Amino acid sequence: MFDRVAPRPLLVPGLAAVVVGIGIMSRVPEQAWLIVVGHVVMSLGLAFVFTPLMTTAMGSLPRRLYPHGSAIVGTVQQVAGAAGAALMVSVMARVAADTTAGGASELEGISAGTSAAFTISAVLGLVTVAIALFIRRNPADAGDRPVDAGPTEPEETVAPA
């Protein structure tokens with residue numbers, strides 16, 4: 001599908017599905033099946049996001065920089081995922097503590113904290129949908145050359161003996 005339609009027609013609906021899935025989970029419904037539905041919708045959306053996004057990112061690099069690009073993408077994914085998880089857990093804990101300090105039960109506090117963290121995630125997801133509207137096909141796919149990262153290291157030459 002990516003080869004036929006380019007990245008944007010896959011990214012925008014995929015990210016919208018992620019936002020909808022997170023939005024469903026932000027309400028912390030009492031029905032467990034609704035949490036499962038939210039997670040499934042989010043996961044399906046992610047399936048439409050990761051492959052086109054990674055292909056577009058890596059395809060914009062010259063072939064000789066693929067290993068470096070792959071390493072950078074992997075590192076950024078790990079660091080951003082850890083930072084995002086830490087931020088959302090901090091939000092959840094702060095809201096839960098404030099809620100229970102106001103006289104609510106611990107369960108109500110955790111529910112409010114979880115809802116706040118997922119709501120913030122959904123809002124950030126809306127920002128990614130807006131950013132995805134500006135993603136375009138790789139320059140190489142459009143007939144242009146990928147951006148060159150500069151001169152390569154000189155090859156070693158062996159002097160004749």
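This is a short tour of a predicted model, one selection at a time.

Local features here need pLDDT of at least 70 and side-chain atom pairs count only at pLDDT 80 or more, while totals for chains, interfaces and linings use all residues. Residues are numbered from 1 along each chain as its sequence is written, and side-chain values use heavy atoms, with hydrogens and water left out.

**Whole chain**

Start with a cartoon view. The chain has five helices and zero strands, so the pattern along the sequence reads α-α-α-α-α. Both element types are DSSP runs, numbered from the N terminus: helices are H or I with at least four residues, strands E with at least two. Buried residues make up 25% of the 161 residues. Buried means under 20% relative accessible area, exposed over 50%, and partly exposed in between (1.4 Å probe, protein chains only). Switch to a surface: the chain exposes about 10,700 Å², with carbon and sulfur atoms supplying 68% of it. Accessible areas come from the Shrake-Rupley method with a 1.4 Å probe; for residues, only the protein chains shown count as cover. Of the contacts between residues at least 6 apart in sequence, 71% join residues at least 24 apart. A contact means heavy atoms within 4.5 Å.

**Helix H5**

Select residues 106-132. This is H5, with 27 residues, reaching 39 Å from its first C-alpha to its last, close to the 39 Å expected at 1.5 Å a residue. The expected span is 1.5 Å times one less than the number of residues. Now color its buried positions, among them Gly-109, Gly-113, Ala-122 and Val-129. What covers the buried residues of H5 includes helix H2 (8-26) and helix H4 (66-101).

**The largest nonpolar core**

Show side chains for Leu-11, Val-12, Leu-15, Val-18, Val-19, Ile-22, Met-25, Met-42, Val-49, Ala-122, Val-129 and Ala-132. These twelve residues form the largest nonpolar core. H2, helix H3 (32-59) and H5 each give two or more residues to this core. The largest share, seven residues, comes from H2. Such a core is a set of buried Ala, Val, Leu, Ile, Met, Phe, Trp, Tyr and Cys residues joined through side-chain atoms within 4.5 Å. Center on Ile-22. Leaving aside residues up to four places away in sequence, Ile-22 touches Met-42, Phe-118, Ser-121 and Ala-122.

**Helix H3**

Move to H3. Its 28 residues should span 40 Å at 1.5 Å a residue, and the end C-alpha atoms are 41 Å apart, which agrees. Its buried residues include Gly-38, Met-42, Gly-45 and Pro-52. Pick Thr-56, also in H3. Thr-56 is buried, with a relative accessible area of 9%. Draw a distance to Arg-136: the two C-alpha atoms are separated by 8.3 Å, although the residues lie 80 apart along the chain.

**The salt bridge**

The structure holds one salt bridge. Select Arg-94 and Asp-98; their closest N and O atoms are 2.7 Å apart. The term requires a side-chain nitrogen of Lys or Arg within 4 Å of a carboxyl oxygen of Asp or Glu. The two residues are four apart in helix H4, so about one helical turn separates Arg-94 and Asp-98. Asp-98 is partly exposed, with a relative accessible area of 45%.

**A surface patch**

Finish on Met-1, Val-5 and Phe-48. They form a nonpolar patch on the surface, with about 280 Å² of accessible area together. Patches are made of residues with over 30% relative accessible area and no salt bridge; like charges are joined within 9 Å, nonpolar side chains (Val, Leu, Ile, Met, Phe, Trp, Tyr) within 5 Å. Met-1 lies in the segment before helix H1 (2-5). Met-1 is exposed, with a relative accessible area of 58%.
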